[in-house]
Amino acid sequence: VTSKEPRVGESMGAVTLVGGGPGDPGLVTVAGREAIAAADVILTDRLVPRAALEWARPDAEIIDVSKSPGGRSTDQDEINRLLIEHAKEGRDVVRLKGGDSFVFGRGGEELLACADAGIDASVIPGVSSAIAVPAIAGIPVTHRGLSQAVTIVSGHVAPGHPDSTVDWAALARAGSTIVVLMGVRTLEAIADALLAGGLDPRTPAAVVADGTLPSQLAVRADLAGIAQAASSADVSPPAVTVIGDVTGLGLIS
Ligand SMILES: C[S@@+](CC[C@H](N)C(=O)[O-])C[C@H]1O[C@@H](n2cnc3c(N)ncnc32)[C@H](O)[C@@H]1O
């Protein structure tokens, strides 16, 4: 019997969802690092800091279930099946994701699947790119006197698309800082929808790509010009777009 195989009568393993932060390995939490170091199996993603996997035990099994746009991907049902199968075999499983598992990370689906299968599961929150990437570029998502609210929106589906459930016109009137994830491809349509909803074209905006990484790139313009500015700078995912007066503070140039 190897250390990885459950002995007769041994209890099942557990699943821990670990948020890996936005990319800089220094932004993985202490608890996250400890869970990675203790895991028998790690299911990892594309936006996870690669260096974090060096903290794993040498005998840990690392399974890459990256979902790269247009590339190889592992179906969510298959990921859930792997989590459950390994835990049932007595292994402690870490599901390692970029940012925080519950911010567009499907962590909720994975916890529900574990609960349905009777597997113990827990969450170690991560530093979400939605807050951290603006922060590293000197943009506080709230600021006294400028913004009392922040809305985190997926730009994966463009405004007006039949699958879109976001009321962009309402967002334009909400007085909230708007943080868009997964919105590089749809940036022009998003800016147009906010302008059509009445948001001032001079509202400051920024797109921050590869936030916290050495390749970090920040592009700033007003709302009317942000899509063109991002396109001229060849911004590519992953990137966070921030729209709102906080973006104009210029805390870090
Ligand atoms: C599927 S969502 C996952 C978000 C993640 N769970 C989080 O809390 O950060 C992926 C999106 O997060 C954003 N993102 C993640 N890491 C980033 C980074 N280092 N720089 C800029 N954007 C990032 C991008 O908008 C990207 O398209």
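Which backbone atom lies 2.8 Å from a nitrogen atom of the ligand? I looked and found a backbone N or O atom of Gly211.

**Ground rules.** I am reading a predicted model, where local features need pLDDT of at least 70, side-chain atom pairs count only at pLDDT 80 or more, and totals for chains, interfaces and linings use all residues. Residues are numbered from 1 along each chain as its sequence is written, and side-chain values use heavy atoms, with hydrogens and water left out.

I checked polar contacts next (pairs of N or O atoms within 3.5 Å). A polar side-chain atom of Ser129 sits 2.6 Å from an oxygen atom of the ligand. A polar backbone atom of Pro22 is 2.7 Å from a ligand nitrogen. I then looked up the area: the ligand alone exposes 560 Å², and the protein buries 89% of that (Shrake-Rupley method, 1.4 Å probe).

**Ligand shell.** I found 18 residues around the ligand (a heavy atom within 4 Å). Pro22, Val103, Ser128, Ser129 and Ala239 come nearest. By class, the shell has 11 nonpolar, 5 polar and 2 charged residues; Gly counts as polar.

**Second largest pocket.** I noted a volume of about 160 Å³. A pocket is an open set of points on a 1 Å grid where a 1.4 Å probe fits, with protein on both sides within 12 Å along at least five of seven lines; lining residues have an atom within 4 Å of a point. I see 14 lining residues, and Gly175, Ser176, Leu199, Gly244 and Asp245 lie nearest the pocket's centre. The lining divides into 7 nonpolar, 6 polar and 1 charged.

Notes. A polar contact is a pair of N or O atoms within 3.5 Å; within protein, one must be able to donate a hydrogen and the other to accept it, and residues adjacent in sequence count only if both atoms are side-chain atoms. Grid points are joined across faces, edges and corners, and a volume is the space filled by probe spheres set on the points.
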